[in-house]
Amino acid sequence: MLHALTFKSSLSLSLSTLETPIMAWALFSPSLNLSLPHTTKTNFNRTQRFTTKTSRAATTTRTTSIRANAADQKQPNDKDEDTTSGFSPFAFVTDNPSSREAIQLPESPAEDGNVGEMLYRIEDKGKEYGSYIKSGEFIWFVRETGSAESRRGTIVFLHGAPTQSYSYRVVMSEVMSDYGFHCFAPDWIGFGFSDKPQPGYGFDYTEKEFHEEFDKLLDVLGVKSPFFLVVQGFLVGSFGLTWALKNPSKILKLAILNSPLTVSSPIPGLFQKLRIPLYGEFTCQNAIMAERFIEAGSPYVLKLEKADVYRLPYLSSGGPGFALLEAARKVNFRDILSQIAEGFASGRWDKPILLVWGISDKYLPQSIAEEFQEGNPTAIKLKLIEGAGHMPQEDWPEKVIEALRVYF
């Protein structure tokens, strides 16, 4: 007998074409007894997958809530136990850790099931502090706080793939500008709300082209004096670091949040899948790819309002997916990581580097940060962030703000 499933209201309906027939069978099969809750609206804050440590509960007033799982199943304490929970024929529908054993449906499926309605509902989300800037042939979406007269200088925040500058919205908000900094956070070309040119038509998503377009953007933004650079993440995040190696005179201080830094850095499965012919084309069009990537690298589940923003570019068109696909296939990960490890080593880089590292990162273990620091212990300082994962600026921005404020 199949268990009755609790339907949730926070679903992204961007299921693959292979999943759609399964959904149809599930919804119309007379052998299933499906129950819908009367109340479906639920607000979540920093929703934690695993058991909260007692020490952390004693020192913080944050409320962590465990999302309801299947109606008759217990919440797992860890990832291993989660994989051995009771059988559910729908467990494969979404790997969102908040719904491993249930299909999530929106409150009004008839409305939200229409892509146009979904876009209308979320199209204005996630553009805090942002504006569109023409630079060369392309238009960038750039977030900005503070002003050119800020007494402590300029900070440029660079995101990684497959995310966007939205991840820095809290870190760069009025808090950092109140401390006297002028902050910029652009969406890389091909990502977020920036232009996503078709490969072969003026932009081919190579490291060299990303560097060239970033130089043009800095000129348009009027960033002339040496500035503080903050970098996080894979692929385009790594291009931010190789840009710094080629332009050391433009950098005052460098801060690195969880990023691949050595040749021993693991490459997440997403980027490996993108490099597989045909399968990569299929993978890159998953509209909930970014939110799944973020949650898989973190001890937390994103609130729906945040997931909407990370989903929006991929839901709006196929452009960002194909941009990510092209960049992932063009990059030589080993070569890039060799450049980074060797370029920032002792004797080659002498400017201060702060490593702000979420120790609960599921992609990059703490040992990567320690190995990188050992290569240049004089210049590199390591600041560990307990309770944060692959994107500490999203998981625990307050701790990142404090670390950057003291460092800069």
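Let me start with a cluster: ring pairs join Phe138, Trp140, Trp188, Phe203, Tyr205, Phe210, Phe214, Phe227, Phe239 and Trp243. Please keep in mind that this is a predicted model. Across the structure there are 27 aromatic pairs. I will go through two of them.

Phenylalanine 234 pairs with phenylalanine 271. The centres are 5.7 Å apart and the planes are at 40°, so the pair counts as tilted. Where do the two residues of this pair lie in the chain? Phenylalanine 234 is in the loop between strand E6 (227-231) and helix H8 (236-246), while phenylalanine 271 belongs to helix H9 (residues 269-274). They are 37 residues apart, and the pair links distant parts of the chain. Phenylalanine 234 has a relative accessible area of 0%, so this residue is buried. Phenylalanine 271 is buried too, with a relative accessible area of 0%.

The second pair is phenylalanine 293 with tyrosine 363. This one is stacked, with 4.6 Å centre to centre and 20° between the planes.

Next, charges over rings. Lysine 127 has its charged end over the ring of phenylalanine 193, 4.8 Å from the ring centre. Lysine 253 lies over the face of tyrosine 407, and the distance to the ring centre is 5.0 Å.

Now to the loop between strand E5 (182-186) and helix H7 (207-221), where we find aspartate 187. Is aspartate 187 buried or exposed? Its relative accessibility is 0%, which is under 20%, so aspartate 187 counts as buried. Setting aside residues up to four places away in sequence, aspartate 187 touches Trp140, Phe141, His159, Gln164, Ser165, Tyr166, Gly192, Phe193 and Ser194. Among these is Phe193, the residue whose ring has lysine 127 over it. Arginine 143 is 44 residues from aspartate 187 in sequence, and their C-alpha atoms are 8.4 Å apart.

Serine 194 is also placed in the loop between E5 and H7. Serine 194 counts as buried because its relative accessibility is 2%. What does serine 194 contact, leaving aside neighbours within four places in sequence? The contacts are Ile139, Trp140, Phe141, Asp187, Trp188 and Ile189. Of these, Trp140 and Trp188 bring us back to the opening cluster, where both are listed.

Key. Residues are numbered from 1 along each chain as its sequence is written. This is a predicted model: local features need pLDDT of at least 70, side-chain atom pairs count only at pLDDT 80 or more; totals for chains, interfaces and linings use all residues. Side-chain values use heavy atoms; hydrogens and water are left out. Rings of Phe, Tyr and Trp (its six-membered ring) pair if their centres lie within 6.5 Å; planes under 30 degrees apart count as stacked, over 60 as edge-to-face and the rest as tilted. Helices (H or I, at least four residues) and strands (E, at least two) are DSSP runs, numbered from the N terminus. Buried means under 20% relative accessible area, exposed over 50%, partly exposed in between (1.4 Å probe, protein chains only). A charge sits over a ring if NZ of Lys or CZ of Arg is within 6 Å of the ring centre and within 35 degrees of the ring normal. Contact means heavy atoms within 4.5 Å.
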